[in-house]
Amino acid sequence: MPGDEYLEGIFYVQGRDFVDAGIVSSEIKKKLKEKDIPESIIRKAAVVTFEAEINIISYAEQGTIQYYIESDSVTIEAKDVGKGIEDIELALQEGYSTADDSIRELGFGAGMGLANIKRFSDEFEISSVPGEGTFLKSTIYLNGK
Amino acid sequence: MTDIVSYVNHSLSQNGVEIVTLAQIKDLLEAEVIVGEDKLDLEIKTAFGADLMSDVLAFARSGCLLITGLSNPQAVRTAYALDIAAISVCRGKALTDKFIDIAKELGIPILWTQYIMFEACGRLYREGLTGCVREILVGDNTSARR
Amino acid sequence: MTLEAIVEQLGLKCKCCWEKLKTEVDGGYAGDLLSDVMANSSGGDVWVTRQVHQNIVAVASLKEHAGIVIVQGASPDKDTLEKAQMEGIPIIVSDLSEFEVVGKIYHLMHYA
């Protein structure tokens, strides 16, 4: 990989903490704005982070979100401890959701989260062990449109 | 945010499309300005009505007006993530101090109207606002992945 | 005006209960939060939403909505269609955004 890779920041996300949902996304966005990163890239990173954050809050006990800036990309990594995903292919489908009513009432749970993350990523990987947790990594190229 | 919004609105107005200001929207919706009295000259061309934040993240366009019944901080953060121009909370939904504080902190104007979403969207559509087409410049990778 | 008129004029697709399209539409309600729709929508409303799970049929049935329009290209779950068929609630779909669909329906209701 060309350029230097360094961890910019790591945030802790508490499961079921809906009140602060989106705070990590806002923080990462603010940090990225301080760097010389194109607006459209910042927007993608903010959306990816937001969705990853909501997933941890909605479905996991706790998790972390880390972000890296390399010379040609921004990477968001989300790891959580929790029930994990039984069927990843299904979960990636737009509209497929395992949200309960309490999640829906808050405006989430439309089944778009992972699909959104994938949509805005240039590289995307996800893995999960049901009963243990989930890991996802989204890389967004700085020279993407 | 303002550069992209100005660019988009400028190219729209070049094509003879009507631009509506936040001040006009406020009047149309008989809304109160809760945050952003100094931003009423903001030009709005597109609108997105939704209660589901994931939909906003997937389909809304930066620079649009978000019309929603959600009055929680996540709605403001969603708008911030996407560079949405302003939020109009409808249904006369009660706003919390936290909601207002975050809107102020993130610089997002908030209008507050008693109208239900159906009425609010209906009126604004009539005035000339259009719905959001997914931003081409963000890049859609889904077809490549499938 | 009838649901049929709305479907025809807007070029929408009806997925079930076509025989119910003659129902008169008295008003409209847009929203995705079920408790809000339960509390604030009215009988005879056409309900515009992005929700696709079967709970929407229960809500529409209870509130005696004229029908449900699912927007933004979302597809109703199989369970949803089955339940809608049983309850006699027309499910209509559109690729357009909620804002566009509501705008057009509103226009038809008030100005056509």
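Colleague: Where in chain B does E30(B) lie?

Modeller: In the loop between α2 (22–28) and β2 (32–35) of chain B. Keep in mind that this is a predicted model.

Colleague: Why is E30(B) called exposed?

Modeller: Count the other C-beta atoms within 10 Å of its own: E30(B) has 12.

Colleague: OK, on to D83(B). Where is D83(B) found?

Modeller: D83(B) is in a loop too, between α4 (73–82) and β6 (86–89) of chain B. Phi is positive here as well, about 55°, again without a glycine.

Colleague: Let's turn to chain A. How much of chain A counts as buried?

Modeller: Of its 145 residues, 48% do.

Colleague: What makes the radius of gyration of chain A agree with a compact globule?

Modeller: For 145 residues, a compact globule would come out near 15 Å. Chain A has 15 Å, so the two agree. As for its extent, the C-alpha trace spans about 40 × 30 × 25 Å along the principal axes.

Colleague: Which helices and strands build chain A, and in what pattern?

Modeller: There are five helices and five strands. Along the sequence they read β-α-α-β-β-α-α-α-β-β.

Colleague: How many of the contacts in chain A join residues at least 24 apart?

Modeller: Taking contacts between residues at least 6 apart in sequence, 63% join residues at least 24 apart.

Colleague: Now the contact between chains B and C. How many residues does it take from each?

Modeller: Chain B puts in 19 residues and chain C puts in 20. On the chain B side, β4 (46–49), α3 (53–59) and α6 (117–127) each supply at least two residues.

Colleague: Which of these gives the most to the side of chain B that touches chain C?

Modeller: That's α6(B), with six residues.

Colleague: And what is that side of chain B made of, by class?

Modeller: Eleven nonpolar, four polar and four charged residues make up the side of chain B that touches chain C.

How values were computed
Residues numbered from 1 in each chain as written. Chains lettered and ligands numbered in written order. Predicted model: local features only at pLDDT ≥ 70, side-chain atom pairs only at ≥ 80, totals over all residues. Contact = placed C-beta atoms within 7 Å. Helix = DSSP H or I, 4+ residues; strand = E, 2+ residues; numbered from the N terminus. Nonpolar A, V, L, I, M, F, W, Y, C, P; charged D, E, K, R; others polar. Rg over C-alpha atoms; globule rule 2.2 N^0.38 Å. Buried ≥ 20, exposed ≤ 12 C-beta atoms within 10 Å, placed from the backbone.
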